[in-house]
Amino acid sequence: MAIMFWENCSFLHFQHGHIFQPSTALLLIMLGKVLLNLFLLRIRRPTLRGSFMIHFCTSLALLDLVLLVTMFFIFYFQDFMVLGVRFTTYHICLLAQIMAVTYGILHYPIALMAGLDYYLTITRTTTSHVCQRSLYTVAVVLTWTLVLCYVLTLPSDAVGLDKNLYNSGYQCPFYISRQSYWLSLGMLAIIGMVFVLCWSEVRDMVHPIQLVLYKSETVLFFPRVPECSPRDCAKHFLTRLLVCFVGNWAPFVFLQMLIVLLDVQIPAYIEMNVPWLYFINSFLIAFAYWIRRRQIELTEEVWGVDPFVSWKFCFVPFHSQNADEARKPTSEIVIC
C-alpha cells in the first residue's frame, strides 16, 4: 500500500492509495520530462530579457537532467557502494520522493516571487544586465537550497518514505501537491471573469481577424480601434491581453480545465515542469502589464520578457504619444 499525501495550505496530511511507479516507468517519465523541458528552452525566443522565472526554468531543466542521469546510473548498476553507502533501485524511488516534495511546495513561492519581479521591473527600460542576472542566479540558488534543506529535515514518514519498500524497488509511493490545482483554478477563474466582462469586445475583435505573416512570424491582424474614452480603451486593452494569452496557450488552458474539472492527480515530480512554468509566466506578465499599463514605455526591451508571447502591439495605440505612430499599420497587429 502506497502513501499518497497532500498539501493543504501549510499542513501535510496523508491518505492511502494503491498506485505504484516502477523504477523503469520513473526513468521513462523523467526522460520525457527532460526532453520536453530542453525542447521548450531550445525553441523559446532568443532575444529575451532576464527574469526570475526564466532563470528558475533553466535551473529546473538542469536539475531534472541531473536527477535523470543519477537515477539511470543507479538503475544501471543496480547495487553498488559509494563512500560506504550502499545504493540500490530503492534509491530511485527515494530521489523521486524527495524531489516530488521539493517541487510540490514550490508552486506558490515561485509564482509569488515571479509576480513581484515583473511588477517591479516590467516598466524598466534600462538595467544592468550583469547585476540583474547575478541577482536572479543568487535568488534561484537560494530558493532551491532553502527548500531542499527544509525537505531533508522532515521526518521520513512526512515525505512518504516506507522502510518496508527497501527490498521492493518496483513499488514507489508518490506525492501530490494541491498548490498547482489552486493556481490553475485561480488563473482559470480570472480568465473566465475577463472573458465575461469583455465578451462584446472579444466578439468584435475576433470576428474580422486575419492570419498574416509579419517579419517571419505568424501574427493575428486586428482592425484599427477608433478613438475611445480612457475606460473603453482600458477595456479594449484588457481584451487584447486576453486574446494574446489564450491565442498562445489555448491547448494548455483547455488541459488545465480538464485537470481541474476531473481533479486529476499528477505526481509532483511531473507536475512541476517548464511548460507549466512558462504558462504561469505569461499569465503573470499579462497581469503585470495590466497593473502597470500607465507607466510602461514603448521600448523593445520592455516587450522581450516572454519566451513565446509577443505582447508588443497590445499597447499600441493606447500609450502612443505620437499620433503619426498610432496610424502606422503595425499599430493594428497583435502578435500571438
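1. Start with H107 and W276: in this predicted model, their side chains are joined by a polar contact of 3.2 Å. H107 belongs to helix α4, which covers residues 107–121. With a relative accessibility of 2%, H107 counts as buried, because the cut-off for that is under 20%.

2. Who else touches H107? Setting aside the neighbours within four places in sequence, H107 is in contact with S177, Q179, S180, L183, E271 and M272, as well as W276.

3. W276 also turns up in an aromatic cluster, together with F245, W249, F252, Y278, F279, F283 and F308.

4. The structure holds 15 aromatic pairs. One of them is W249 with F279, an edge-to-face pair with 5.7 Å centre to centre and 75° between the planes. The two residues come from distant parts of the chain, 30 residues apart: W249 sits in helix α8 (residues 230–262) and F279 in helix α10 (residues 274–291). Buried or exposed? W249 is buried, at 9% relative accessible area, and F279 counts as buried too, at 2% relative accessibility.

5. F279 also pairs with F252, and here the arrangement is tilted: 4.9 Å centre to centre, with 40° between the planes. F252 has 16% relative accessibility, so F252 counts as buried.

6. Finally, check the arginines over rings. R292 has its charged end over the ring of Y119, 4.9 Å from the centre. R178 lies over the face of Y181, and there the distance from the ring centre is 4.4 Å.

Methods
Residues are numbered from 1 along each chain as its sequence is written. This is a predicted model: local features need pLDDT of at least 70, side-chain atom pairs count only at pLDDT 80 or more; totals for chains, interfaces and linings use all residues. Side-chain values use heavy atoms; hydrogens and water are left out. Helices (H or I, at least four residues) and strands (E, at least two) are DSSP runs, numbered from the N terminus. Buried means under 20% relative accessible area, exposed over 50%, partly exposed in between (1.4 Å probe, protein chains only). A polar contact is a pair of N or O atoms within 3.5 Å; within protein, one must be able to donate a hydrogen and the other to accept it, and residues adjacent in sequence count only if both atoms are side-chain atoms. Contact means heavy atoms within 4.5 Å. Rings of Phe, Tyr and Trp (its six-membered ring) pair if their centres lie within 6.5 Å; planes under 30 degrees apart count as stacked, over 60 as edge-to-face and the rest as tilted. A charge sits over a ring if NZ of Lys or CZ of Arg is within 6 Å of the ring centre and within 35 degrees of the ring normal.
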